[in-house]
Amino acid sequence: MKEFNGPLHKKYYYIIVLFIIILMLAGLLVDNPVNSRFAVHGVMIAIISICLLVYPWYENAWMRYMTVISSTGYFYILFYLYPETWAEFVLLCFIPALSILFFDKRLFYFSLVINLAFILFTFGYIGFVDKGQDYPYIYTDLVGNVVNFLASQVLLYFIFHLTNLRIQKQRVYYEQIQHAERMRTTGQLAAAVAHEIRNPLTVVNGFLQFYMEDSAFSQSQKQNFSLMINELDTAEHVISQFLSVSKPEKGGKVDNVDVEQVLQDVTELLNMYGLLNDNSIDLNVENDCHVAANSIELKQLFINLIKNAIEASPHSGSVKVKAFKVKGHVWIQIIDKGRGMSKEEVKNLGTPFYSLKSKGTGLGLMICFNIVEKYNGNIQFDSGPGDGTTVTLKFPLVPN
Ligand code: ADP
Ligand code: MG
């Protein structure tokens, strides 16, 4: 019930809860003789009221389960205490609806299950013990009532399931919009800065090259120049990568690319890189996985992802690369058993300059996201801290 967070909303919560308590008390006090039945009923009301009143302070799973269990108990106890009240049966059917308020999938299923267990017991009792003495209205058509009950549970399940799906879809959509927005603003800003930095770099680089040829400088000075040129080249490389994202190359040829071929080239190239840390790449590709893309960009995409997987892997760990066809799509998976990432880290992936490596640029994944989008693909990260990471790419399959 996150909707009730914040002081104003809490006020509404308490108004609603108070209303519920008043209704329960009315049920207890109006026209009800004071006896043991009255006492049990009163105790149940007290338990539920306490659960509802303290819930905002201890908003945890325990409290939610307690609330659901005590409310279920409450309705069933009322059913047994007042057999003459017909409408009670309808309330039993709708008990799981209570947990929809908390929007907790497990709690909802839990509620469905305990309700089912209770009702089985109740129908059993009415059918074999009571035999219509106290509950004639249920006994006369026991089968019909069982069917009614089941129908109501199925209905509740669908309501919950569909609402849940819709909310999840909206959440994903919202995250995508946020991501796109962040990419756009930071991308534009950084591209502008990058462009301005490039010119002075080129000038300095030019002068250094010129001095390299000049005999007036000593050999050790020239060695320093060479280092400086190297560093400038690195900077230039980062900027070019960056600009290629904000202004994607026009005219990059789109071919029918054999994923197997590209992956073989890439693994050959990266095997040397992996050997540095005794990592190996394990390639497994189904035949005829073809996609429509520019082969150079596809290579760039795979290199970035496999390189990240190698860099995350422990010493002598292996990285699995698989490609296969699923319902008109080519799936490519890059699986490592490395350090993995938390949910928060996964969320940040693709943000320019987001890197947890001392020598990382944090541009690799941003480029990957762009390439994937350009070819109508989809990229997904499944990861947990310490569990490794599985990157799944999906591209539309094209016939060979
Ligand atoms: P860089 O590799 O230069 O740091 P990337 O954009 O390629 O930049 O990656 C950004 C960050 O995402 C990395 O610094 C790393 O923390 C995280 N990351 C990416 N892939 C993985 C992976 N397979 N396992 C763990 N962390 C990863
Ligand atoms: Mg990287």
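**Ligand 1 and its surroundings**

Ligand 1 takes up the space of the second largest pocket. The model shown here is predicted. Around ligand 1 stand 18 residues. The protein itself is divided into two parts, domain 1 (7-140) and domain 2 (255-396).

**Who surrounds the ligand**

- Among the 18 residues around ligand 1, the closest are Asn308, Ser355, Lys357, Thr361 and Leu365.
- The shell around ligand 1 holds 8 nonpolar residues, 7 polar ones and 3 charged ones.

**Polar contacts and burial**

- Lys357 places a polar side-chain atom 2.7 Å from an oxygen atom of ligand 1.
- Arg339 also uses its side chain: one of its N or O atoms is 3.2 Å from a nitrogen atom of ligand 1.
- Gly364 takes part through its backbone, with an N or O atom 3.4 Å from an oxygen atom of ligand 1.
- On its own, ligand 1 would expose 530 Å². The protein buries 94% of that area.

**Which helices contribute**

- Two elements give two or more residues each to the shell around ligand 1: helix 11 (295-312) and helix 13 (364-374).
- Helix 11 supplies the largest share of this shell, with 3 residues.

**The two domains**

- Domain 1 covers residues 7-140, and domain 2 covers residues 255-396.
- How far apart do the C-alpha centres of domain 1 and domain 2 lie? The distance between these centres is 52 Å.

Terms used. Residues are numbered from 1 along each chain as its sequence is written. Chains are lettered from A and ligands numbered from 1 in the order in which they are written. This is a predicted model: local features need pLDDT of at least 70, side-chain atom pairs count only at pLDDT 80 or more; totals for chains, interfaces and linings use all residues. Side-chain values use heavy atoms; hydrogens and water are left out. A residue is near a molecule or strand if one of its heavy atoms lies within 4 Å of it. A polar contact is a pair of N or O atoms within 3.5 Å; within protein, one must be able to donate a hydrogen and the other to accept it, and residues adjacent in sequence count only if both atoms are side-chain atoms. Accessible areas come from the Shrake-Rupley method with a 1.4 Å probe; for residues, only the protein chains shown count as cover. On a 1 Å grid over the protein atoms alone, a cavity is a set of points where a 1.4 Å probe fits but cannot get out, and a pocket is an open set with protein on both sides within 12 Å along at least five of seven lines; lining residues have an atom within 4 Å of a point. A molecule sits in a cavity or pocket if more than half of its atoms lie within 2 Å of its grid points. Helices (H or I, at least four residues) and strands (E, at least two) are DSSP runs, numbered from the N terminus. Ala, Val, Leu, Ile, Met, Phe, Trp, Tyr, Cys and Pro count as nonpolar, Asp, Glu, Lys and Arg as charged, and the others, Gly among them, as polar. Domain bounds come from an automatic or database domain assignment.
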